[in-house]
Amino acid sequence: MSKRLIDLQHITKSFDGQMVLDDLNLYIRENEFLTLLGPSGCGKTTTLRIIGGFETPDQGTVIFDGKDITKLAPNDRQLNTVFQKYALFPHMSIAENIAFGLKIRKKSKAYIEDKIKYALKLVNLDGFEKRSINSLSGGQQQRIAIARAIVNEPKVLLLDEPLGALDLKLRQDMQYELIRLKNELGITFVYVTHDQEEALTMSDTIVVMNQGYIQQVGTPQDIYNEPINAFVADFIGESNIINGTMIEDRLVKILDVKFPCVDEGFGTNTPVDVVIRPEDVVLVSPEKGMLEGDVTSLIFKGVHWEIEVLANGYEWLVQTTQMHPVGSHVGIWVDPFNIQIMNKPESNDEKAVESDA
Amino acid sequence: MIRKSAERIYLFLIFLFLYLPIGVLIVLSFNNSKSKVHWGGFTLNWYKRLFSSSSIMEAFYTTILITLASALIATLLGTMAALGIDAMKKRGQAIMLGATNIPLLNADIVTGISMMLLFVRFTRLGMNTVLIAHITFNIPYVILNVLPKLKQSSRTAYEAALDLGATPSYAFYKIIWPQILPGVLSGFLMSMTMSLDDFSVTYFTKGAGINTLSTMIYTEMRKGIRPEMYALSTILFLIALILLLFLNYGPAARKEPHH
């Protein structure tokens, strides 16, 4: 793996007595697309602003490329930010916006012009130099904001929910563009979002945060397939999260039915949370199922049907390409590999425990 | 149809009552007779006498000096105050805004008397005290003009400038300043208007021997009818009108900053 470029060590930050980050530890590798994912107020934007230098942590150290930059002003940091609301300079033309950082660095006129052309090409807006900011759509403004940041050749690009204000189609297009940009530029991206789909699509590494704590760090596959707790499972996609008891290794009891699974090391007769993704619930004929139930709701979602099945007192959420009309009696079957076992939090506070980053 | 004409007549009456007195004043300033009711023919005589009177011209210069100086200094202080208020937390902002609004609503005569009482304790009334008084009542107007522009200007644009390598002062000059400039200009113009037509505060803080145009007109009119004063008032009205037009249609009134 490539080297650690940014290292956040024991970062603590509170605003007006409200703890936002509590002893946060996280490192970001060179060339990585890392996403901070979580609901609003989880501390993801604060983390990004601490990296960018717009907030100073109350405690802790920010290491960038081996140097302590905790107290360094934003204008002295080798990174650039793409802000949520674009933050373009409305009284300047597009070229002037993009040239802003280069002029401060006293680059030659020819160099600046080359760079503007190159950056506009990179974001698919060739020939927009003379246009005014107000004549651009939201998506175009966001591209200019990206162009303005990358002409400075930062080692790291920080992106604070850059697609939040765009409509769905544009957002999806921009996701692919960002992946392409990252590959072409070969720099590190740190991306903040509350949109799990965005995170899964673009990231090399996802950091799931809640209430100022890191919940889980891993690849999109890790996070989706093996959520470490009920919060992560619930936040990343839809899930059936059911109370269960781990009877012994490889056997869990859910809703009074014993399910074989592949997890070990939870002890015997331990209460656990069991996660089963809706697409992993297989509907079969009643006699072939591990338990039986009745369809209570059926919604057409395009690619699949979303079905709710009431079985043993629990409403199972099922996604399947086969239609089962409301009222039909079905069996439920789950592959042992698709059953994810998680330790129960011992108290409410512990729902937001910090995991080892 | 009837409703429409009723609306028109109503509007006409409002403007008539607003501007008729000033119209009368302007007409009388060209009247070749000292009578207030008789038209004795057109003349520029009163204007000539006005400009040849040394006491009036002195009052004119004093007025210009005080208006410009107080507006300039108030604009500087008010803009800095607005920046400070904008950087405060919500609670502090509310308190500061309340504190700046009270002098706006306070009766001029109370402001004038209280300032006079304060000044005589420390210094002699004169040009300086008038200037300080004018600066004081102008500052809130500047704050009220600059603050909304600051609120509109995006904080993130400033942060973006820092992010791109600008020092805080360069970022202010390049990003914040162009965005608040219209507010600063309108604050300056409004201060000038306020200063120009202030009577009460000036009257109480000026001391002997110093006159601005408004206090001059007042003292002269007490002595008896002098049509030069009509001419002077007309000129004052026109200056205020020009300032107002500038305030409403000049560069400061443009909503979007151009480059």
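**Figure 1**
The structure is a predicted model in which local features need pLDDT of at least 70 and side-chain atom pairs count only at pLDDT 80 or more, whereas totals for chains, interfaces and linings use all residues. Residues are numbered from 1 along each chain as its sequence is written, while chains are lettered from A and ligands numbered from 1 in the order in which they are written. The C-alpha trace of chain A spans about 75 × 45 × 40 Å along its principal axes, and its secondary structure comes to 8 helices and 20 strands, these being DSSP runs numbered from the N terminus (H or I over at least four residues for helices, E over at least two for strands). Among contacts in chain A with a separation of 6 or more, 66% are between residues 24 or more positions apart; a contact requires C-beta atoms, placed from the backbone, within 7 Å.

**Figure 2. The hairpin of β1(A) and β2(A), with β4(A) alongside β1(A).**
Strand β1 (residues 4–15) of chain A runs antiparallel to strand β2 (residues 18–29) of chain A and is joined to it by 8 bridges, two strands being counted as paired if DSSP finds at least two bridges between them. Within this pairing Ile11(A) has Leu24(A) of β2(A) as its bridge partner, and at the turn, where 2 residues lie between the strands, Asp16(A) takes a positive phi near 50°. Strand β1(A) is also joined by 5 bridges to the antiparallel strand β4 (residues 59–64) of chain A, with Leu8(A) standing opposite Val62(A).

**Figure 3. The open sheet of 6 strands in chain A, with helix α4(A) packed on it.**
The strands follow the order β6-β7-β8-β3-β9-β10 (chain A), and their pairing is mixed. Strands β6 (79–82) and β10 (213–218) of chain A stand at the edges with a single partner strand each, so one side of each has no neighbour in the sheet. On average, neighbouring strands of this sheet are turned by 20° against each other, direction ignored; the axes are lines fitted to C-alpha atoms, for helices over the stretch in contact, and angles between N-to-C directions run from 0 to 180 degrees. Helix α4 (residues 138–150) of chain A packs on the sheet and touches β6 and β7 of chain A, its direction making about 175° with that of β6(A). Strand β7 (residues 156–160) of chain A pairs in the parallel sense with strand β8 (residues 188–193) of chain A over 5 bridges, and Leu158(A) stands opposite Val190(A) in β8(A).

**Figure 4. The open sheet of 5 strands in chain A.**
Here the order is β15-β19-β16-β17-β18 (chain A), with antiparallel pairing. The edge strands, β15 (281–284) and β18 (314–320) of chain A, each pair on one side only, and neighbouring strands are turned by 45° against each other on average, direction ignored. Strand β16 (residues 291–300) of chain A is joined by 4 bridges to the antiparallel strand β19 (residues 329–334) of chain A, and Gly293(A) stands opposite Val330(A) in β19(A).

**Figure 5. The largest nonpolar core and the surroundings of Leu157(A).**
This core has 132 residues, and those with the most contacts inside it are Ala145(A), Ala147(A), Leu157(A), Val190(A), Val207(A), Val252(A) and Ala161(B); a nonpolar core is a set of buried Ala, Val, Leu, Ile, Met, Phe, Trp, Tyr and Cys residues joined through C-beta atoms within 7 Å. Its largest share, 12 residues, comes from α8(B). Leaving aside neighbours within four places in sequence, Leu157(A) is in contact with Asn80(A), Val82(A), Ala149(A), Ile150(A), Ile187(A) and Phe189(A). Apart from this core lies another, of 13 residues, including Leu28(B), Leu213(B), Ile217(B) and Ala231(B).

**Figure 6. The contact between chain A and chain B.**
Chain A contributes 19 residues to the contact and chain B contributes 17 residues. On the side of chain B, α7 (155–163) and α8 (168–196) each supply at least two residues, and the largest share, 7 residues, comes from α7(B).

Key
Contact = placed C-beta atoms within 7 Å. Buried ≥ 20, exposed ≤ 12 C-beta atoms within 10 Å, placed from the backbone.
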